[in-house]
Amino acid sequence: MRRALIAIGAVLGILAALGTQAGAAAVRVPAFLLLGGLLVGLLLYLGWKGLRAFLWRVGRRLAFSYFLIGILPIPMLALLLGLTTYVLCGFFMGTVYGAAADGLDRDLRADAALAAATGSIAPAEVSPGVSVATALYRDGRRTAGDERAPARWPDWIDGADEVSFVSLPDGSKTRVAASPPGPRRALAFVAGPARGVLAERSGLWLELLEPGEPESGETINLQLGESRLALRTENSSRENEEARRRFFDLPADPEEPTSWSRKPFLWWGQVAGPVRSLEDGEPVTETLIVSLNGSLRILRGRLFAGSSEVNTSVWASLIAVVGLLTSLYGIALLMALFMIIGLSLAVNRLSRATRSVQEGDFSVRIPVRRKDQLGELQESFNRMTAGLERAVATATQKELLDKELQIARDLQRSLLPADLPSLASVEFSTLFEPSAAIGGDYFDVLRIDRDRLAVVVADVSGHGLPTGLRMAMLKAALGILVEDGRPPADILSRLNRVVRSEENSRFFVTATIAVIDFARARMDLTNAGHPPTYLLRDGEVDEILLPGSPLGALGESYGRREVELRPGDVVVWLSDGLIEATDRRDEQFGYQRVREALAGPGADPAAVRDRLLAAVQAHTEGRPIADDRTLVAMAYEPGAAASSPRNE
């Protein structure tokens with residue numbers, strides 16, 4: 001983390017240096033943008049790291065989770081309810097305004113119909129102090145009435161689907177209604193601006209906003225991206241503000257305190273357009289926005305019932321439900337705090353006990369007082385530490401046993417020939433791979449005299465320490481017998497008696513003894529139940545199978561054969577662990593595959609060994625070995641320089 005902060009600091013320094021260069025105007029803006037992005041990323045990264053550090057303890061994590069689930073949704077829900085209420089109030093104000101406008105239009109139509117029916121103009125008012133202007137028409141010509149009405153009947157008004165506001169010659173906007181068709185017609189409209197009448201009837205403060213840049217008066221600018229819309233009002237700001245204060249019964253001094261229920265904080269808008277000229281019906285403005293402004297006092301008078309008994313009952317019921325829900329939430333809050341504290345204490349005890357176990361104290365136990373899943377976890381921890389205490393004691397004993405087994409393994413490997421005889425006529429390559437810690441296979445190369453060499457490969461039945469001890473016993477006996485110069489058959493007979501002398505445990509040994517006479521270029525093979533010996537010559541494989549009884553079995557019948565050696569010959573001895581290696585279908589590698597793997601160029605014994613091992617590995621597909629694997633490969637090259645043996 002330190003390196004990351006250093007790197008970010010270096011980048012920020014470079015960008016700041018680039019951004020402050022006076023001549024780097026083209027670089028300055030992208031540099032500062034990238035600088036700001038890196039600063040935001042750094043702040044987010046540091047905030048995330050701080051949050052992770054704060055939430056490391058389970059108690060804080062639980063408390064924070066409860067805050068996100070149980071506390072934070074309450075103000076969010078309150079905000080959502082407030083916004084929803086505001087929108088609903090706006091729709092309600094729009095409905096109230098629409099009802100007032102419809103009522104005004106009905107009154108105007110009634111006055112127009114009455115004037116057309118009687119042929120006279122009777123004084124009428126749509127609100128206190130605001131009269132209805134009426135004009136009579138006969139045969140399409142105005143015969144009497146208000147001079148602001150058109151001289152000829154406005155035919156466009158009959159074909160209009162809906163007429164909201166019309167513009168009089170003096171520019172004021174009003175509402176107009178026409179009488180039904182007939183020989184005598186009448187127009188009725190509000191003599192003054194209709195805004196005041198609608199405000200009086202709806203109880204809402206109205207502003208008529210239309211596009212344009214007036215020379216004087218209040219202007220409202222709406223801007224979205226590159227688009228800008230300027231809306232102008234009918235009155236100047238000062239006159240408008242004074243009228244609004246009188247409408248809402250607010251004090252003349254804005255600094256004077258007033259009831260919050262009187263303050264007009266609810267705003268809404270209705271689109272009422274286009275506004276047409278009363279003279280010819282041409283649109284004066286395509287858009288007219290009716291801005292509605294109300295207070296809680298006005299809405300309360302419109303919404304709530306006029307009966308105090310009904311209001312009292314409704315409010316009492318609402319307060320009772322709110323009190324019940326608040327009580328339930330308080331109880332839930334107390335339960336959550338209790339659970340968070342209990343869980344935190346339990347986790348802290350478990351954390352301290354775990355730290356003690358980590359430091360090596362397996363005797364630590366947690367007092368179990370809970371009857372829940374955490375209590376069960378504490379009991380499991382106590383059982384685990386008790387098991388670990390026993391396991392540590394067992395592991396200590398096992399470690400001592402493993403050390404003893406390692407000594408036995410080292411002893412067994414020391415019994416194998418570390419340095420094979422280095423002769424000018426032969427070269428060896430070997431493999432010894434036990435399947436267990438201590439195997440039962442054995443091979444050795446012994447020097448008999450100047451011209452003779454003995455190669456011995458044996459396999460003691462079984463695995464483990466007893467088998468290793470028997471193999472050591474056979475090696476000792478074999479070494480003495482070979483040094484005495486006894487014939488291979490005599491050596492096997494004496495070893496057979498040694499094996500059979502074990503009365504307490506019966507075991508068997510298969511063995512092959514090959515005596516190589518370099519002076520005669522001959523190899524004398526004697527076999528006691530061991531797998532065949534393979535002779536590789538000119539790319540061909542000769543399987544030398546010599547039946548014989550294993551050591552420790554009934555009878556002493558040993559196979560014997562003398563083989564002539566030629567330059568380039570390779571002789572291979574192996575144990576049954578390679579032949580009986582199985583694949584995933586338990587199919588053995590077998591003698592046929594051994595011959596196929598050995599076939600080919602055979603001058604290098606290491607190459608022959610590796611070729612056979614690769615074939616066995618491909619057959620077993622990497623499965624663990626089930627039996628010891630031993631291989632001795634000898635290349636016969638008379639007259640060649642002596643080379644070091646290669647073992648594996």
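**View 1. Where α14 meets α15.** R593, V594, A597 and L598 of α14 touch V608, R611, L612, A615 and H619 of α15, contact meaning heavy atoms within 4.5 Å. By class, this contact has six nonpolar, one polar and two charged residues. This is a predicted model, in which local features need pLDDT of at least 70, side-chain atom pairs count only at pLDDT 80 or more, and totals for chains, interfaces and linings use all residues. Residues are numbered from 1 along each chain as its sequence is written, and side-chain values use heavy atoms, with hydrogens and water left out.

**View 2. How the two helices are set.** Here α14 (residues 590-598) and α15 (residues 605-620) pack at an angle of about 135°, their axes 9 Å apart. Helices are DSSP runs of H or I with at least four residues, and strands are runs of E with at least two.

**View 3. Inside the largest nonpolar core.** This core has 37 residues, and L108, F165, L206 and V290 have the most contacts inside it. Such a core joins buried Ala, Val, Leu, Ile, Met, Phe, Trp, Tyr and Cys residues through side-chain atoms within 4.5 Å; buried means under 20% relative accessible area, exposed over 50% (1.4 Å probe, protein chains only). Helix α4 gives the most, with ten residues.

**View 4. Two aspartates with positive phi.** D538, in the loop between β20 (533-537) and β21 (540-544), has a phi of about 55°. D538 is exposed, at 74% relative accessible area. D586 lies in the loop between α13 (576-579) and α14, with phi near 60°. D586 also counts as exposed, at 55%.

Notes
Axes fitted to C-alpha atoms, helices over the stretch in contact; angles between N-to-C directions. Nonpolar A, V, L, I, M, F, W, Y, C, P; charged D, E, K, R; others polar.
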